[in-house]
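I opened this notebook to record what I looked up in the structure, entry by entry. The terms are set down where I first needed them.

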Amino acid sequence: MSSLFEKIGGESAVDAAVDIFYRKVLSDDSISDFFDTTDMEAQHAKQKSFLTMAFGGPNHYTGADMRTAHAPLVAKGLNENHFNAVAGHLQSTLEELKVPADLIADVMAIAGSTKEDVLGL
Amino acid sequence: MPNITYQGKAYSGLPDETVLDTMRRNGIEVPFSCRAGDCQTCMLLCKKGEITERSQNKLKPALKSLNYFLACQCQPEQDIEVSLPDDEDVYISARCVGKQQLSPTVWRFQLETAVPMFYHAGQFVNLKHKAGWVRSYSLASLPAEDEHLEIQVRRMPDGQMSHWLIDEFDVGMHIELEGPNGHCIYTDGQADKPILMVGTGTGLAPLVGILRDALHQGHSGPIHLYHGTRNPEEIYLHDELTEIDRQYENVHYHACVSGDNVAAGMQAGRASDIAMQDHPDLKAYRIFLCGLPAMVRGMRKNAFLAGAAMPNISADAFTK
C-alpha cells in the first residue's frame, strides 16, 4: 500500500506544483500581501514545505509550529477568507496538474486540518 | 563517528544523527523548521571535508557549487568543518593596485589580497574602513582571467565610505577585506538556456563579471544584458559592452535611461520595464538581478510570474 505522497508523485510532484501554486497566490490581490515579502526565495521554500506536508510527505510540523509561524499574520488580519482562498489555489493547482480527484480530496483534507492552527482559533 | 567542527571546536556525531541533531544537542543554535529538506532554514556552509549528496540535492546549483548544504539532511561520512551562512568572517588585508574613473560618478578599483582569494564572478566582498564602517561591493572581475579583484564604487551623496574610497583611497594603500559572499553566480550545465540580466547603477559590476564568466565557460544561449541609470552620463562601460555585443552573436546589450535625456545608442525607460517588454515569457530563462532593492524585488516577482523557475532567479540587492 503506497502512501498518498508516493501516489501523488513524491518530490517531483511538489516541485511541479510549488511554482504554479506560489504564482497563483502572488497574483491574487486578496491574499498576495501576506506572501509578498522581500525574501521571495525563503517564502518559496516555505510554500514547498507546506505542499510537502499537504501531500502527505515527510515533515515534522506540529500544530504548535503552525500556530507560532502564522501568529504574526493573524495579527495582521489573516482570516478564514484568506485561508479559503489559499486552499482554492491549492485545489486548482492540483487540477491543473491532472491529479486524480480522490487524491486531491485527500490533500485538501490535510490542508483543511491545519485551519485552526493557522488561524489561531 | 565523524566530527563536526564549528567555530574551532569539534563535536562528535552519534550514530544516525544529522549535522543539525549533533549541533543542537551540543547547544549550538542552528535555526531550523521543517527538518525534511524543504524549508532550507538550516542551511550551513561546509568549509572543509565532503558533505553527502543528499544534503545538497534540493539546493539550487549556485548554492551547491559554493558548498552550502542542509544540516537536517546530512549524516556526514567524514569529518567536516561548518559555519552558519551569516557567521562573522575573517578580514584580510587588501592593497589597491589600480584606480580609474569610469563615469562622472563611478570609479573602478583593483585590489590585491595578501592571500589569494577563491571566488566566483558576481560574488561580493565587504570592505572595512579604519573607522569601522563596513560596505559591500560586488566583484566585477573574473578569477580565470583577471589577476586582481575589481570593484566598482559609485559616489553616493550620503555614503561616507564611497567618498572616502573615491577621494582618499589610492594605489598602494591597504584596506581590510572580507569575502567572498553571496551566490549570484554563473553555474555551468545549462549552456544553451537564455540568460536575462538586469542591473541598475553599479549593479552592473557583478553582471559584467557573470557575463564574462558565462562567455568564458562557453555559454551558447542568448545573453540579454539591460543596464539602467537615470541619466546617460551614468551609463558606464558603454563602449566595452557595445564591443562585446558586436563580437559575440549571442550577447545583446541594452543601455536604458529612465530620465528625460536619452543619448544615441541608448533606450528610454526603466531597464526592468524594457527587459520585461522584450521578454514576456521567461519560462526557460536564467535571470540575474542586481541593484536597488525596489528594482530587484519588483523584477524578481515579475520574472517569477512570467514563468521563470525560482531556482533560476539569482539576485543581489544593494544594502545600505
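Predicted model: local features only at pLDDT ≥ 70, side-chain atom pairs only at ≥ 80, totals over all residues.

Residues are numbered from 1 along each chain as its sequence is written, and chains are lettered from A and ligands numbered from 1 in the order in which they are written.

**Entry 1: strand β3 of chain B.** I looked up the partners of β3 (residues 43-48) in chain B and found three antiparallel bridges to β4 (residues 68-70) of chain B, with B:Leu44 opposite B:Phe69. With β5 (residues 80-83) of chain B, β3(B) also pairs in the antiparallel sense, over three bridges, and there B:Leu45 has B:Ser83 as its bridge partner.

**Entry 2: strand β11 of chain B.** I then traced β11 (residues 174-181) of chain B, to which β6 (residues 92-101) of chain B is joined by four antiparallel bridges; B:Ala94 faces B:Ile175 in this pairing. Strand β8 (residues 124-128) of chain B is likewise antiparallel to β11(B), again with four bridges, and I noted B:Lys128 opposite B:Glu176.

**Entry 3: the six-stranded sheet.** In which order do the strands of the open sheet of six in chain B run? I read β15-β14-β13-β12-β16-β17, with parallel pairing, and the edge strands, each paired on one side only, are β15 (267-268) and β17 (313-317) of chain B. Within chain B, β13 (residues 223-229) and β14 (residues 251-257) share seven bridges in the parallel sense, B:Thr229 being partnered by B:Val257.

**Entry 4: the largest nonpolar core.** For this I took a nonpolar core as a set of buried Ala, Val, Leu, Ile, Met, Phe, Trp, Tyr and Cys residues joined through C-beta atoms within 7 Å, where buried requires 20 or more other C-beta atoms within 10 Å of a residue's own, placed from the backbone. The largest such core has 64 residues, and those that touch the most other members are B:Ile151, B:Met197, B:Leu207, B:Ile210, B:Ile287 and B:Phe288. Helix α4 (residues 204-216) of chain B gives the largest share, seven residues. Why does the core lie between two domains? Both domain 2 (92-181) and domain 3 (195-317) of chain B give residues to the core, so it lies between them; the bounds come from an automatic or database domain assignment. Taking two residues as in contact if their C-beta atoms, placed from the backbone, lie within 7 Å, and leaving aside neighbours within four places in sequence, I found that the contacts of B:Ile210 include B:Ala121, B:Tyr186, B:Met197 and B:Phe288.

Entry 5: Chain A has eight helices and zero strands, and its C-alpha trace spans about 40 × 30 × 25 Å along the principal axes. Of its 121 residues, 30% count as buried, and residues 24 or more positions apart account for 78% of the contacts in chain A with a separation of 6 or more. Finally, I noted that 14 residues of chain B are in contact with 17 residues of chain A.

Definitions and conventions
Pairing = 2+ DSSP bridges. Helix = DSSP H or I, 4+ residues; strand = E, 2+ residues; numbered from the N terminus. Buried ≥ 20, exposed ≤ 12 C-beta atoms within 10 Å, placed from the backbone.
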